[in-house]
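Subject: A structure for you to look through

Hi there,

Here is the structure I promised to pass on, with some notes on what turned up in it. Have the 3D view open while you read, and look for each residue as it is named.

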Amino acid sequence: MTSTQLLESSRGAKTTEETYGQLVDTYGNTFKVPDFTIKEIRQAIPPHCFERSALRGYSYIARDVLLLASTFTIWHNYVTPQTVPSTLLRFALWSVYGFLQGLFATGLWVIAHECGHQSFSTSKVINDTTGWVLHSCLLVPYFSWKISHGKHHKSTGHMERDMVFLPKTRAEYARRVVKRKIWEITEMAEETPIVTAYMLILRQLIGWPIYLLQNKTGHNFHARQAEGRGVGKRNGPGGGVNHFSLESPLFEAKDAKLIALSDLGLGLVGIALTEVARRYGLGNLFTWYFLPYLWVNHWLGKNPQFIKGKEKNTQLMKIQIVAITYLQHTDPAIPHYGSQTWSFTRGAAATIDRDFGFIGRSLFHGIIETHVLHHYVSTIPFYHAEEATEAIKPVMGQHYLSDTKEGPIGFIKNLWRSVRWCQWVEESQDAKGEGKDILFYRNRNNLGVPPIVMEKKVS
């Protein structure tokens with residue numbers, strides 16, 4: 001019997017409202033707790049969707065590499081001072097180069113992610129070798145991130161165990177972001193749009209590296225690590241929690257060799273990039289490699305928020321994952337669960353599919369359009385994911401979340417909407433019993449369901 005079935009059977013004949021009270025998402029829609037099982041999900045998927053082919057996978061890698069190489073060749077040979085005398089036009093064309101290469105490189109990033117989930121082929125050796133090479137070339141520590149990302153999949157939507165995409169509670173938002181008492185949030189003016197826009201710009205540039213270096217959006221309960229590796233360690237600068245240290249509490253002692261191998265891959269690529277800079281100059285290295293790399297960060301980056309420093313009247317950046325990954329896990333309709341109500345089946349449903357048109361379905365290999373399915377069965381390869389997604393929709397019913405309105409334009413609009421609507425999570429006004437353990441996004445921008453008005457505490 002699954003954890004979801006155990007939770008449901010323990011409640012006997014109680015109705016949903018008797019057990020949870022009235023749960024309401026940020027849009028104001030009544031929320032019903034999922035009651036289907038992972039077995040029902042898997043049985044609904046056609047058997048051939050589980051089939052993996054290394055040959056087919058390598059054909060997609062070959063396509064993406066060909067696109068990268070062809071684009072570089074064209075720009076390197078034909079966008080030069082001799083062929084394009086105008087400096088302004090050359091700048092514009094090389095900016096287009098960076099955007100295009102960022103798209104193609106993101107495609108390779110996604111395939112390496114598939115390798116980490118063992119959905120690339122039936123061979124673990126092929127999967128990990130291919131993923132290590134691809135991710136290392138994109139400055140991603142393959143095994144390190146594979147391990148932490150796997151833990152995210154096992155705890156999606158869990159307020160104490162999820163490894164990333166962990167929203168702030170109302171108390172955390174009040175204490176760390178706006179420096180107010182928890183009951184004062186409902187009295188505050190809305191966040192100005194210019195601040196929101198500033199955050200949206202900064203996240204693309206530095207979010208992904210900051211996550212790898214500081215684990216900024218993961219849980220901060222590292223003292224619970226079974227081997228004691230997390231005692232005295234915390235997220236943030238100098239906290240000892242990152243994707244590069246063999247002693248990081250994100251990993252177990254048995255993972256040390258894999259972490260070292262990840263670091264070796266980055267070191268080898270670092271040596272290669274240093275040689276390119278020595279031979280051709282830093283300017284060319286930035287234009288050829290790091291400009292596309294910044295676009296990869298955009299699609300797989302983070303959202304800076306600002307927190308007043310405790311000792312200085314300055315503002316420090318706090319990072320939250322956004323773009324593709326942020327929008328897969330952040331939406332006014334998505335719940336989060338505490339330890340009393342979480343189950344794998346419920347957590348996997350706390351994700352949402354979106355639509356990014358040709359770029360999403362072809363260049364990004366469907367990672368935007370089929371993410372819900374991916375959280376239930378991550379070993380299904382991307383080229384079968386759309387069919388498998390259609391198969392599980394009847395099982396999930398109202399719990400299958402998607403927002404595909406306006407395609408790519410809607411996707412961009414959702415970045416703005418989610419940052420404005422989804423500032424922290426709290427219980428519903430009329431929740432009771434176990435319902436108080438199920439949290440929904442709220443905000444101080446007068447958007448959607450308002451936060452609970454709390455009485456002032458007299459100290």
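A salt bridge here means a side-chain nitrogen of Lys or Arg within 4 Å of a carboxyl oxygen of Asp or Glu. Keep in mind that you are looking at a predicted model. A search of the whole structure turns up 18 salt bridges. Side chains of opposite charge can pair when their charged atoms come close.

**Salt bridges**

Why are Asp128 and Lys124 separated by about one helical turn? The two sit four residues apart in helix α6, and that spacing is about one turn of the helix. An α-helix has 3.6 residues a turn, so residues three or four places apart point the same way. Now look at how much of each partner is covered. Buried means under 20% relative accessible area, while exposed means over 50%. Asp128 has 8% relative accessibility and counts as buried, whereas Lys124 has 53% and counts as exposed.

Next, find Asp331. Its side chain meets that of Arg354 in a salt bridge, at 3.0 Å from N to O. This pair links distant parts of the chain: Asp331 lies in the loop between α12 (323-329) and β3 (335-337), and Arg354 is in strand β4 (residues 353-354), 23 residues apart. Are these two partners buried or exposed? Asp331 is buried at 2% relative accessibility, and Arg354 is buried with a relative accessible area of 2%.

Asp331 also meets Arg417 in a salt bridge, this time at 3.3 Å from N to O. Here too the pair links distant parts of the chain, as Arg417 belongs to helix α17 (residues 407-421), 86 residues from Asp331. Arg417 is buried, as is Asp331. Through shared partners, salt bridges join Asp331, Arg354, Asp403, Lys405 and Arg417 into one network.

Rolling a probe the size of a water molecule over the atoms shows where empty space is left. The second largest pocket has a volume of about 610 Å³. Its lining has 20 residues, and the closest to the pocket centre are Leu68, Cys137, Leu273, Trp288 and Tyr289. Which helices each supply at least two residues of this lining? They are α4 (54-78), α5 (87-116), α6 (124-137), α10 and α11 (282-299). Of these, α11 gives the most, with six residues.

In helix α8 (residues 170-177), the residues Arg170, Tyr173, Ala174 and Val177 are buried. These four cover an arc of only 110° around the axis, so they are on the same side of α8.

Helix α10 (residues 256-280) holds Ile271. Ile271 is exposed, with a relative accessible area of 58%. Together with Leu261, Leu264 and Leu268, Ile271 forms a nonpolar patch on the surface, and the four have about 360 Å² of accessible area together.

**Positive phi angles**

Most residues other than glycine have a negative phi, and most peptide bonds are trans.

- Gln118 has a positive phi near 65° and is not a glycine. Gln118 is placed in the loop between α5 and α6, and it is buried, with a relative accessible area of 17%.
- Phe165 is not a glycine either, yet its phi is positive, at about 65°. Phe165 is in the loop between α7 (142-154) and α8, and at 12% relative accessibility it counts as buried.

**One last residue**

Phe440 is in strand β7 (residues 438-442), and at 0% relative accessibility it counts as buried. How far apart are Phe440 and Val425 in space, C-alpha to C-alpha? They are 4.9 Å apart, although 15 residues separate them in sequence.

Methods. Residues numbered from 1 in each chain as written. Predicted model: local features only at pLDDT ≥ 70, side-chain atom pairs only at ≥ 80, totals over all residues. Heavy atoms only, no water. Buried < 20%, exposed > 50% of the residue type's maximum accessible area, 1.4 Å probe, protein only. Arc of directions from axis to C-beta. Patch = residues over 30% accessible without salt bridge, like charges linked within 9 Å, V, L, I, M, F, W, Y side chains within 5 Å. Areas by Shrake-Rupley, 256 points an atom, 1.4 Å probe, with all protein chains shown as cover. 1 Å grid on protein atoms, 1.4 Å probe; cavity = no way out; pocket = protein on both sides within 12 Å on 5 of 7 lines; lining within 4 Å. Points joined across faces, edges and corners; volume = space filled by probe spheres on them.
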